[in-house]
Amino acid sequence: MSRTFLFLLGSSRGEGNTEILARKAAEQLSPEVGQRWIDLAAHPLPDFEDLRHDSDHTRPTGDNTALLLDATLEATDIVIASPLYWYSLSASTKRYLDYWSGWLRTPGIDFKATLEGRTLWGVTALAHEEQVVADPLVGTLRNSAAYMGMRFGGVLLGNGSKPGDVLKDEEALLRAKTFFAPERQPEIARFPYEAQ
């Protein structure tokens, strides 16, 4: 299967620092690698309704849920590009991940088996000098990857508040140049309590 990156933009503001940083990293991908960009603000999902024990699940068709499900299933690499909002993921990004719970029970797609072995990545911009404050966001993505049996490529962190600020973060821009490097082989994610 040829590599295809799905970039999910989770900001409430277009062309913000997180998107800028994600695009800088994506510029380094070879032309043979497919890229698909979906702005979650432009393709909103309704609030997730947990029907695990209450109803039959059917595959969505013709709406944003179907678009995002199909894009997720087609990607070898899923990049969550979410700004750090209150020390975690944006609401639209969290809602997208909530939908994974329903997709796990959708007949005929084998959601978990399909994503197993694929890679989950993160990109975020934060308006704080200490990157440790992004640990809840990083943990959410790492643990989600671990549950799904996915590889975890880590999170590319950059600093910026006002639009364009991240372009002043020289260290983040340097890390962006190698973040998706083909020689990087992310390992299967593990929960923190599991032996490494």
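**Labels and their cut-offs**

Reader: Why is Glu 19 called buried?

Author: Glu 19 has a relative accessible area of 15%. Buried means under 20%, exposed over 50% and partly exposed in between (1.4 Å probe, protein chains only), so the label follows. This is a predicted model, in which local features need pLDDT of at least 70 and side-chain atom pairs count only at pLDDT 80 or more, while totals for chains, interfaces and linings use all residues. Residues are numbered from 1 along each chain as its sequence is written, and side-chain values use heavy atoms, without hydrogens and water.

Reader: What makes Glu 19 and Arg 23 a salt bridge?

Author: The N to O distance between their side chains is 2.9 Å. A salt bridge requires a side-chain nitrogen of Lys or Arg within 4 Å of a carboxyl oxygen of Asp or Glu, so the pair qualifies. Both residues belong to helix α1 (residues 17–26), 4 residues apart, which means that about one helical turn separates them. Helices are DSSP runs of H or I with at least four residues, strands are runs of E with at least two, and both are numbered from the N terminus. Arg 23, at 35%, is partly exposed.

Reader: How many salt bridges are counted, and how do you know that Glu 74 and Arg 36 link distant parts of the chain?

Author: The count comes to 7. Glu 74 and Arg 36 meet at 3.6 Å, N to O; Glu 74 lies in helix α2 and Arg 36 in strand β2, 38 residues apart. Glu 74, at 46%, is partly exposed, and Arg 36 is partly exposed at 32%.

Reader: How do you know that the charged end of Arg 23 sits over the ring of Trp 37?

Author: The distance from the ring centre is 3.9 Å. The rule asks for NZ of Lys or CZ of Arg within 6 Å of the ring centre and within 35 degrees of the ring normal. Lys 112 likewise lies over the face of Tyr 147, at 4.2 Å from the ring centre.

Reader: What makes a set of residues the largest nonpolar core?

Author: A nonpolar core is a set of buried Ala, Val, Leu, Ile, Met, Phe, Trp, Tyr and Cys residues joined through side-chain atoms within 4.5 Å. The largest has 38 residues, and those with the most contacts inside it include Tyr 96 and Trp 100. Helix α5 gives the most to this core, with 6 residues. In soluble globular proteins, nonpolar side chains tend to be buried together.
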